[in-house]
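Welcome! Have the viewer open as you read, and follow along one region at a time.

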Amino acid sequence: METFKRLKLYFWPYRRYFCISILSLFIVTAVTVIYPLILKYTIDEVFTRRQYALVPYLAIGFVLLMGIKGVAVYYHQYFGDLFGVSTVYELRNELYRKLQYLPFRYYDNAKTGDLMSRLAGDVEVFRFFLSFGSAQFLNFLLLTGFGFAIMLYLHPSLAVVTLCAMPFVGFTAYRFDKRVHVAFKHIREAFASLTTKVQENISGMNTVKALSRENNEINKFTDKNLNYKENHISTARIWGTFFPLMELFGNLCVVALLVFGGWLVIHDQMKLGELVAFFSLVWFIIGPLMQLGFILNSYSQSKAAGERLLQVLDEEDDRRNVPAAASHEEELPIKGHVQFIDVSLAYNEANEHALQSISFQAAPGKIIGLIGATGSGKTSVTQLISRFYEPTAGTILIDGKSSESYSPQHLRRNMGVVFQESFLFSCSIYDNIAYGRPDASREEVISAAVYAQAHDFIRELPDGYDTLLGERGLGLSGGQKQRIAIARAFLIKPSILILDDATSAVDMETEYRIQQSLREVMVGRTTFIIAHRISSLKHADEILVMELGRVIERGTHEQLIALPAGAYRRIYDIQFQDRDQEAQQAEGSRI
Ligand SMILES: Nc1ncnc2c1ncn2[C@@H]1O[C@H](COP(=O)(O)OP(=O)(O)OP(=O)(O)O)[C@@H](O)[C@H]1O
């Protein structure tokens with residue numbers, strides 16, 4: 001119940017729909033249990049006493065009752081659905097909102113398949129109980145309660161004899177629920193594993209094909225598919241075993257009714273109409289009792305689903321990190337002065353020293369380059385600036401104020417980040433560039449593309465800026481995708497621009513032109529360039545050379561190559577040695 005209490009926020013506003021649905025259900029149940037009484041009356045009063053003049057009235061009354069029942073069924077189902085659908089509409093929106101604001105840290109361990117199944121599957125399971133399960137449970141209580149009350153009223157001893165096998169039906173239903181609950185759980189797990197496999201396979205199709213692992217992939221999928229099939233078959237076995245059992249016990253009730261009831265009628269201790277009424281009523285009790293397992297199952301499944309939804313909703317998100325001062329965000333326009341004072345970062349216990357005591361200053365208008373071996377901490381530095389992660393020690397100042405005094409959203413609105421793996425949405429190139437500023441004019445979008453050296457190749461595409469991209473920007477080369485991502489960042493006119501290996505797939509000449517553009521676009525703003533190629537950052541105002549989470553050298557390109565035994569000098573020598581050798585070879589071949 002605790003789970004439902006905590007999710008009350010989502011269904012309580014729609015309680016009116018639930019009440020209408022339940023009220024309608026009450027009418028449906030009342031009309032349903034009146035049927036046997038009409039039957040009893042028709043047999044005992046009309047046919048036995050030959051009062052045939054009453055038949056038209058009874059027929060009209062019957063039709064009227066059916067009409068009332070029909071309308072009530074409609075309201076019960078419609079408002080029940082409305083209740084469930086409206087609730088999960090809110091819930092799904094809140095979950096999606098949550099996903100947008102969950103910190104990077106959360107996504108480090110999250111699995112796409114799992115999150116998808118929560119948003120789609122668990123929400124549906126929850127809706128099913130709200131729309132049908134809860135009403136079914138009330139229906140069960142009402143039908144059995146009313147039915148039993150009428151049976152007791154008509155003939156108490158026959159009621160007791162008839163219902164003597166009922167506990168067996170209840171017990172079998174309970175056992176069925178236990179078994180089928182586990183079986184359904186296995187089916188859901190097998191299905192989640194199957195869909196995760198498909199999702200991974202499609203995402204990694206390049207690797208599969210490049211390594212010719214198609215057959216291996218097919219075999220792995222077949223195994224998972226087989227597991228899914230077998231789980232379904234074993235569930236079918238449970239159904240096949242328990243349902244006839246429940247039906248058997250239900251029919252024992254009917255046999256008891258016919259034997260004892262028949263004997264009573266033969267000995268004139270009961271009227272025939274009463275026996276027929278009993279016969280109908282007993283099924284109103286057996287039917288819902290057989291469904292009890294289902295109802296309980298629906299309840300326990302929705303409870304489990306609700307818990308999984310709460311796990312996501314309870315996660316701390318970026319919105320909770322908004323400091324009081326950030327409510328006056330407009331008073332804090334960001335110029336882009338970034339300062340690190342003894343900043344350290346540990347992602348987790350296994351990785352305690354991603355960054356150690358980093359200090360530097362980046363004034364607006366400056367370009368800071370970061371270079372170093374892979375895993376040395378370059379990206380981590382920039383992730384702290386944009387508050388994707390929080391430092392474990394030290395202080396980060398943005399325009400002289402702690403980065404924590406800005407909300408992550410406000411900070412990021414003033415920042416342009418281009419990752420090495422540029423993600424493009426499956427929409428037009430134009431919309432991809434305008435993603436961060438949908439209100440930008442067409443001229444501004446084109447100008448950003450021109451600066452990012454993307455305009456020329458976009459113009460040559462059949463539909464130009466309106467060219468639609470595939471799910472992962474398919475149809476474009478790596479360098480083209482990177483340039484669209486750079487245009488996207490340029491368009492928001494960021495106070496701080498971070499290019500994380502963002503031109504690694506771009507040829508040297510184009511990269512040089514992008515660097516020229518940078519100087520123009522980023523006047524008075526701060527730029528961080530992470531690169532492995534010295535040519536990408538040799539014009540930076542300051543270059544930080546990183547190793548094992550520390551800054552081991554800093555200075556301009558000229559200052560750093562002047563350090564003969566320095567790490568930067570070593571990288572420089574490696575990168576330029578080949579070029580020098582090539583130049584010498586070219587010179588030699590010309591002679
Ligand atoms: N999300 C994360 N969770 C745990 N550890 C991480 C995470 N991101 C990075 N690390 C670890 O932190 C260290 C620094 O990583 P970082 O990505 O900053 O290096 P980098 O210099 O940018 O590397 P590259 O040049 O390969 O991009 C590495 O040891 C890396 O494994």
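## The antiparallel sheet

Strand S1 (residues 338-345) and strand S2 (residues 355-362) pair in the antiparallel sense over five bridges; here strands are DSSP runs of E with at least two residues, helices are runs of H or I with at least four residues, and both are numbered from the N terminus. Two strands count as paired if DSSP finds at least two bridges between them. This is a predicted model, in which local features need pLDDT of at least 70 and side-chain atom pairs count only at pLDDT 80 or more, while totals for chains, interfaces and linings use all residues. Residues are numbered from 1 along each chain as its sequence is written.

Ile 398 in turn stands opposite Lys 401 in S5, where S4 and S5 pair in the antiparallel sense over two bridges. Put together, the four strands form an open sheet in the order S2-S1-S4-S5, with antiparallel pairing. S2 and strand S5 (401-402) are the edge strands, each pairing on one side only.

Helix H12 (residues 378-385) lies across S1, S2 and S4, running at about 120° to S1. Such angles run from 0 to 180 degrees between N-to-C directions, with axes as lines fitted to C-alpha atoms, for helices over the stretch in contact; contact requires C-beta atoms, placed from the backbone, within 7 Å.

## Annotated spans and a helix pair

The unreviewed UniProt entry annotates residues 20-43, 55-75, 125-152, 158-176, 248-266 and 278-299 as "transmembrane region"; such annotations may be inferred rather than shown by experiment. In the model, residues 125-152 are 100% helix, with end C-alpha atoms 38 Å apart. Residues 278-299 are also 100% helix, and their end C-alpha atoms lie 31 Å apart.

How do helix H3 and helix H11 pack, and at what angle? H3 (residues 15-47) and H11 (residues 272-313) meet at about 165°, with their axes 7 Å apart. That makes the two roughly antiparallel, a label for angles over 145 degrees. Residues of H3 that meet H11 include Tyr 35, Leu 39 and Ile 43, while those on the H11 side include Val 276, Leu 281 and Phe 284.

Which residues of helix H15 (residues 442-451) are buried? They are Val 445, Ile 446, Ala 448, Ala 449 and Tyr 451, where buried means that 20 or more other C-beta atoms lie within 10 Å of a residue's own (12 or fewer is exposed, and in between is partly exposed). Helix H14 (429-433), helix H16 (455-460), helix H17 (478-491) and helix H18 (508-521) are among the elements that cover these residues.

## Two positive phi values

Most residues other than glycine have a negative phi. Gln 453, in the loop between H15 and H16, has a positive phi of about 60° although it is not a glycine. Gln 453 is buried, with 25 other C-beta atoms within 10 Å.

Lys 493 is likewise not a glycine, and has a positive phi of about 45°. Lys 493 sits in the loop between H17 and strand S7 (496-500). Is Lys 493 buried or partly exposed? Lys 493 counts as partly exposed, with 17 C-beta neighbours inside 10 Å.

Terms used: Contact = placed C-beta atoms within 7 Å. Parallel < 35°, antiparallel > 145°, perpendicular 65-115°, else oblique.
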